[in-house]
Amino acid sequence: MKREDKGAIIEELAGKFQSIPFFYITEANGMTVAETNNLRRMCFERGIEYKVVKNSFIKKALEPLDTDYTPFNDTVLHGQSAVMFHPDNGKAPAQLIKEFRKTSKKLELKAASIDYSLFIGADQLDTLIALKSKEELIGEIIGLLQSPAKNVISALQSGGNKLAGILKTLSEREEAA
């Protein structure tokens, strides 16, 4: 591979790391062709980009970024590595990895970067799946903000019904007396 080709790959990878805040680094040693094709099909169906990349290219592409990715150098960037990108959903690749591991244990999570927070190790997979997306968090906040208003309105409405019932009972008593 020519130096220009390597530079183009590193530049493209750096652009993806810069523009997409969610990426996963995986290891898929020993996968058969059928398993690899199945993984790539699953990625395509879910809008996840899957690329096998040399560790040195990943390291060079991460260097110019603002976030400190040096913890990846010792623990993550060794062996065969592949990068998964999803432009909108930080937990979609984690869900795919977990689902794929039900059929083949050969796909391992090495690390992930979600909104520039680092998650290192396969034990972080459940944590990554439990993360809520931006849309889910906004929905929860809106729900929390709306619930006090709903409680006040329902209390006022039910209070009005109670007050009308009490007045009716009192007026009936006065008429009976």
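The legends below describe close-up views of a predicted model.

**View 1. Confidence along the predicted protein chain.**
Mean pLDDT for the protein chain is 84, with 89% of its residues at 70 or more. Among the elements, helix α2 (residues 33-45) has the highest mean pLDDT, 92. Helix α7 (residues 134-176) has the lowest, 71. Where pLDDT is low, the predicted coordinates should not be read in detail.

**View 2. The open sheet of five strands.**
The strand order is β2-β3-β1-β4-β5, and the pairing is antiparallel. The edges are formed by β2 (49-53) and β5 (117-120). Each of these has a single partner strand, so one side of each lacks a neighbour in the sheet. From one strand to the next, the twist averages 20 degrees.

**View 3. Strand β3 and its partners β2 and β1.**
Strand β3 (residues 81-85) is joined to β2 by five bridges, the two running antiparallel. Across this pair, Val 53 stands opposite Ser 81, and Val 52 stands opposite Ala 82. Strand β1 (residues 22-27) also pairs with β3 in the antiparallel sense, over four bridges. Here Thr 26 has Ala 82 as its bridge partner.

**View 4. Side chains of β3 and the helix α2 lying across it.**
Five of the five residues of β3 are buried, which leaves the strand mostly covered. Ser 81, Val 83 and Phe 85 point one way from β3, while Ala 82 and Met 84 point the other way. Helix α2 lies across both β2 and β3. The angle at which α2 runs to β2 is about 135 degrees.

How values were computed
Residues numbered from 1 in each chain as written. Predicted model: local features only at pLDDT ≥ 70, side-chain atom pairs only at ≥ 80, totals over all residues. Heavy atoms only, no water. pLDDT = per-residue confidence, 0-100. Pairing = 2+ DSSP bridges. Axes fitted to C-alpha atoms, helices over the stretch in contact; angles between N-to-C directions. Contact = heavy atoms within 4.5 Å. Buried < 20%, exposed > 50% of the residue type's maximum accessible area, 1.4 Å probe, protein only.
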